[in-house]
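This briefing is for a reader new to the structure.

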Amino acid sequence: MSDRPETLFSKIINREIPADIVYEDNLALAFRDIAPQAPVHILVIPKQPIPKLADAESQDHALMGHLLLTVKRVAEQEGLTNGYRVVINTGADGGQTVDHLHLHILGGRAMAWPPG
Ligand code: AMP
């Protein structure tokens, strides 16, 4: 049992609200963003409710690696052979709007830099 408040993404993990899930294992879930910013826009989240990257602890290091390898796996599954961008918005200045750690995979078009 976690003492962290339930978020929108916990509800997706628990199948309380629908999502277009593209990958799942015992540690992670990946689903399509509801407001896609690129032809492919997928969120990879840990099932463990870590609110943001800044809340990850040293004991989470294996999970953090797993999330990155899940990004790679899902990107391959989506056929993003020409590259893609991975974004972790963190906290207010980072533009984070859902307090459950998530990695954006954006692909299917060339990305601009710097981000806004
Ligand atoms: P961030 O701004 O980095 O916190 O990203 C949150 C992302 O969650 C945004 O890109 C939203 O479009 C996305 N989002 C919000 N609600 C849902 C939902 N129910 N299903 C899928 N994606 C969602």
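**Glu-78 and its partner**

Glu-78 is partly exposed, with a relative accessible area of 22%. The model described here is predicted. In this model the side chain of Glu-78 meets that of Arg-32 in a salt bridge, at 3.0 Å from N to O. Arg-32 lies in strand β2 and Glu-78 in the loop between α2 and β4, so the pair ties together parts that are 46 residues apart in sequence.

**Salt bridges**

- The structure holds five salt bridges, and the pair of Arg-32 and Glu-78 is one of them.
- Lys-47 and Glu-24 form another salt bridge, in which the closest N and O atoms are 2.8 Å apart.
- This second pair also links distant parts of the chain, with Lys-47 in the loop between β3 and α2 and Glu-24 in strand β1, 23 residues apart.
- Lys-47 counts as partly exposed because its relative accessibility is 26%, a value between the limits of 20% for buried and 50% for exposed.
- Glu-24 is partly exposed as well, with a relative accessible area of 35%.
- Asp-55 and Lys-52 are joined through their side chains in a salt bridge of 3.1 Å, N to O.
- Both members of that pair are partly exposed: Asp-55 has a relative accessibility of 23%, and Lys-52 has a relative accessible area of 27%.
- Salt bridges with shared partners connect Arg-15, Glu-24 and Lys-47 in one network.

**The sheet**

- An open sheet is formed by five strands in the order β1-β2-β3-β5-β4, with antiparallel pairing.
- Its edge strands, each pairing on one side only, are β1 (21-24) and β4 (84-87).
- On average, neighbouring strands in the sheet are turned by 20° against each other, direction ignored.
- Within the sheet, strand β3 (residues 40-46) pairs with strand β5 (residues 103-107) in the antiparallel sense, over five bridges.
- Val-40 stands opposite Gly-107, which is in β5.

**The helix across the sheet**

- Helix α2 takes up residues 61-77 and lies across β1, β2 (28-32), β3, β4 and β5.
- The helix runs at about 155° to β3.

- Leu-68, Tyr-84 and Val-86 make a nonpolar surface patch of about 270 Å².

- Thr-7 is found in the segment before α1 (8-13).
- Thr-7 counts as buried because its relative accessibility is 13%, and buried means under 20%.
- Which residues does Thr-7 contact, leaving aside its neighbours within four places in sequence? They are Asp-99 and His-100.

Conventions: Residues numbered from 1 in each chain as written. Predicted model: local features only at pLDDT ≥ 70, side-chain atom pairs only at ≥ 80, totals over all residues. Heavy atoms only, no water. Pairing = 2+ DSSP bridges. Helix = DSSP H or I, 4+ residues; strand = E, 2+ residues; numbered from the N terminus. Axes fitted to C-alpha atoms, helices over the stretch in contact; angles between N-to-C directions. Contact = heavy atoms within 4.5 Å. Patch = residues over 30% accessible without salt bridge, like charges linked within 9 Å, V, L, I, M, F, W, Y side chains within 5 Å. Areas by Shrake-Rupley, 256 points an atom, 1.4 Å probe, with all protein chains shown as cover. Salt bridge = Lys/Arg side-chain N within 4 Å of Asp/Glu carboxyl O. Buried < 20%, exposed > 50% of the residue type's maximum accessible area, 1.4 Å probe, protein only.
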